[in-house]
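This briefing covers one protein chain, shown below. The points after the display are grouped by topic.

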Amino acid sequence: MDTELLKQLCNATAVSGDEQEVRDILRAALEKSAEEISFDGLGSFIARKGKRGPKVAIVGHMDEVGLMVSHITDAGFLRFATIGGWWSQSMLNHRVAVRTRSGQIIAGVIGSVAPHALTEKQKQQPVDFDEMFIDIGANSREEVEKRGIAPGDFVSPEANFARWGEDKIVAKALDNRAGCALMAELFQAVDNPDITLYGVATVEEEVGLRGAQTSAESIQPDVVIVLDTAVAGDVPGIDNVKFPLKLGSGPAVMLFDKRYFPNHKLTALLKASAEQTASPVQVCIMKTGATDGGRYNVIGGGRPVLALCLPTRYLHANSGMISEKDYDALFAMTRTLLQRLNGDTVAALRDFR
């Protein structure tokens, strides 16, 4: 694991629709390895290496769930709209970063009412998004505006990257900066002259897989491997039959999500690569969400797609958690798979006779 790259990516502020910081980090990381770097019309990052054989894309989305300033009160508080899927109970009292149009980062906190001022009934009721506000320590609307904040500015959780214990990484935006970091490391490491390799970081996945569609149309790849995250069910209060993934037990093959099924032959190649690298593999499904595979598999006539996910605790919250062991295993098996691909193996994936 390139811990420094992952830290830079996680600490960047890049809510859906405002991904420039991540684009800049990836460009700096891959400009020496890529023969060409380009962008689709929405801003998805596309690096290319090689120019012969089938086009193979490794894809991670670079946006994170976040907020957008919707209103500034006369007293200097910020009202906001959510971008992507949040659970309101995970938000109160957490520190956030407001990114102004000039790129300045201003610290704030999602305020709450002290328990002393709540009735017993109010203490039992969840707070709705519309009741929440962000406090940046301002005294008036004019003071907020002088700091450069305006409606439409994006807000993300405060950067909080850390290593815990022997192998745990805790950070905001692991969904899906972990996938972006893996994409970048794989793009640098894979040396297969029989394929044209694309490293892709898509925009706006959290609001409808939009960058997956535009980048798929731009590249028209022959095979796609999506790198993302999935719910780890190894904490109290989660049904571990529906959510069976455990940190440290290996990455997961997504067998089904709301918009995607994997290519069975590509799945078999991945499992063989996992055996070759002695890497554990888990499996999961996701009935209430989707990965970028849900666009790549159908645009332009369709193509073989496989979504691989890191088990992650506390998704779509201020702090998530992954295992470095799972990350390294996913890197090893995916690198081995990519090294095995050529014109014949890719043609076999697309042969339905």
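**Contacts around H61**

Apart from neighbours within four places in sequence, H61 is in contact (heavy atoms within 4.5 Å) with D175, N176, C180, T202, E205, E206, D228 and D292. The model is predicted: local features need pLDDT of at least 70, side-chain atom pairs count only at pLDDT 80 or more, and totals for chains, interfaces and linings use all residues. Residues are numbered from 1 along each chain as its sequence is written, and side-chain values use heavy atoms, with hydrogens and water left out.

- H61 lies in strand β3, residues 55-61; strands (E, at least two residues) and helices (H or I, at least four) are DSSP runs numbered from the N terminus.
- H61 is buried, at a relative accessible area of 1%; buried means under 20%, exposed over 50% and partly exposed in between, with a 1.4 Å probe and protein chains only.
- The side chains of H61 and D63 are joined by a polar contact of 2.9 Å. Such a contact is a pair of N or O atoms within 3.5 Å; within protein, one must be able to donate a hydrogen and the other to accept it, and residues adjacent in sequence count only if both atoms are side-chain atoms.
- D228 belongs to strand β13, residues 223-231, and is buried at 5% relative accessibility.
- Setting aside neighbours within four places in sequence, the contacts of D228 include H61, D175, N176 and E205.

**Annotated positions**

- An unreviewed UniProt entry places the feature "binding site" at H61, D175 and D228; UniProt positions are given in the numbering used here, feature names are shortened, and annotations may be inferred rather than shown by experiment.
- These residues span 168 residues in sequence, yet no two of their C-alpha atoms are more than 8.2 Å apart, so they gather at one spot.

**A274**

- A274 sits in helix α7, residues 264-276, and is buried with a relative accessible area of 3%.
- Not counting residues up to four places away in sequence, A274 touches S279, V281 and M333.
- A274 and V231 are 43 residues apart in sequence and 21 Å apart in space, C-alpha to C-alpha.

**Whole chain**

- The protein chain has 10 helices and 17 strands.
- Buried residues make up 53% of its 353 residues.
- The C-alpha atoms of the protein chain fill a box of roughly 70 × 40 × 35 Å, taken along the principal axes.
- Of the contacts between residues at least 6 apart in sequence, 77% join residues at least 24 apart.
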